[in-house]
Amino acid sequence: MKSEHFIRNFESGIAETIKKYKLLDKKDKVIVACSGGKDSTTVLYLLHKFGFKPHALFIDLDMGKWSEINKQNIKKFCGELGIKLHIVSLKKQYGCGICYIKSVIRSKYNLNQCIICGIIKRWILNRESRKLGMTKIVTGHNLDDEAQNVLMNWMKGNMKLSLNLGPKTGTIEDKKFVTRIKPLYFMLEKDIKKYSKLRNFPVQYKRCPCAIGTYRIDLRQILDEMKNGRKIKQNIVENFLKMLPKMRKYFNSENSALKYCTVCEEPSRNDICNRCKLMEKFVH
Ligand code: AMP
Ligand code: ZN
């Protein structure tokens, strides 16, 4: 496919997802969670192009050169497009970076590194976005991520973990929760990479150096090696979306009431939220 044709198809595919799933309207105040990677940079670029006037939020995890390059890249990108960039530094907040935080947590809990990092990032994203008066948080999750997530949750035998999947979060409604949306939901990772390269975005294409030895890596490899990988990923996600409303209804009826964490006052299902439980040594 010619580049211009590919670019046009790619961009209209994302505009269609936004429209079909009512992800955004012009009244929304939007912030894109930017890692400095190809996915979030692509979605930031397109929301800017579509006229949604997005802000960007970068969490500086302080992972040495990796974080530094990502930070410089996203600063440059936002500077060139005139996008307001907010930076939250773990080191400023807690006096250390994510690697030390994870090592302390892992000395007590047998948890995968990416799960710990995800809990901390989501907590920061929600809190910062709310403080800035944002109505939607955008992430760069794509079709590959989502197909892997659906399968991982099946494999773990925990269906409840899938309730927050889908192009728009929707299980918990609370004035302190900012809705998260995924405009790249139906886009293959390899197409996003191609688009990002065609547009010459200043991004690193290497994967996070900490993401090792996870289910996700095995699944990515299996799905990528299958014939008809594109169709298989689409089928996994589309069938999951058919079940999701029923799953949400079923599990919500047995939901315990939402509370506020007694430590940080963020919304939580328990007295102490996951972030405060894991970070007890840093926040108590
Ligand atoms: P990951 O959890 O690393 O697969 O990233 C999933 C999405 O989370 C990315 O597409 C970004 O939207 C967001 N994200 C990841 N890392 C960061 C970060 N350091 N700062 C802000 N957002 C991030
Ligand atoms: Zn808390």
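Predicted model: local features only at pLDDT ≥ 70, side-chain atom pairs only at ≥ 80, totals over all residues.
**Helix packing**

| Helix pair | Axis distance | Crossing angle |
|---|---|---|
| α5 (residues 98-106) and α6 (residues 113-131) | within 10 Å | roughly 115° |
| α2 (residues 38-49) and α8 (residues 189-198) | within 9 Å | roughly 65° |
| α7 (residues 143-156) and α9 (residues 215-225) | 10 Å | about 120° |

The axes of α5 and α6 cross at roughly 115°, and the two helices are therefore roughly perpendicular to each other. Their crossing is right-handed. On the α5 side the contact involves I98, I101, K102, I105 and R106, which meet Q113, I116, C117 and I120 of α6. By residue class, this contact of α5 with α6 comprises six nonpolar, one polar and two charged residues.

Helices α2 and α8 cross at roughly 65°, with axes that come within 9 Å. The crossing of this pair is left-handed. From α2, the residues K38, D39, T42, Y45 and L46 meet E189, I192, K193, Y195 and S196 of α8. The contact of α2 with α8 divides into four nonpolar, two polar and four charged residues.

Helices α7 and α9 pack at an angle of about 120°; they are therefore oblique to each other, since angles from 65 to 115 degrees count as roughly perpendicular and only those over 145 as roughly antiparallel. The crossing of α7 and α9 is right-handed. Helix α7 contributes D144, D145, A147, Q148, N149, L151, M152, M155 and K156 to the contact, while α9 contributes Y215, R216, L219, R220, L223 and D224. Among the residues of the contact of α7 with α9, seven are nonpolar, two polar and six charged.

For comparison, the ideal angle for four tetrahedral donors at a metal is 109.5 degrees.

Key. Residues numbered from 1 in each chain as written. Chains lettered and ligands numbered in written order. Heavy atoms only, no water. Axes fitted to C-alpha atoms, helices over the stretch in contact; angles between N-to-C directions. Helix = DSSP H or I, 4+ residues; strand = E, 2+ residues; numbered from the N terminus. Parallel < 35°, antiparallel > 145°, perpendicular 65-115°, else oblique. Left-handed = near helix turned anticlockwise from the far one by under 90°. Contact = heavy atoms within 4.5 Å. Nonpolar A, V, L, I, M, F, W, Y, C, P; charged D, E, K, R; others polar.
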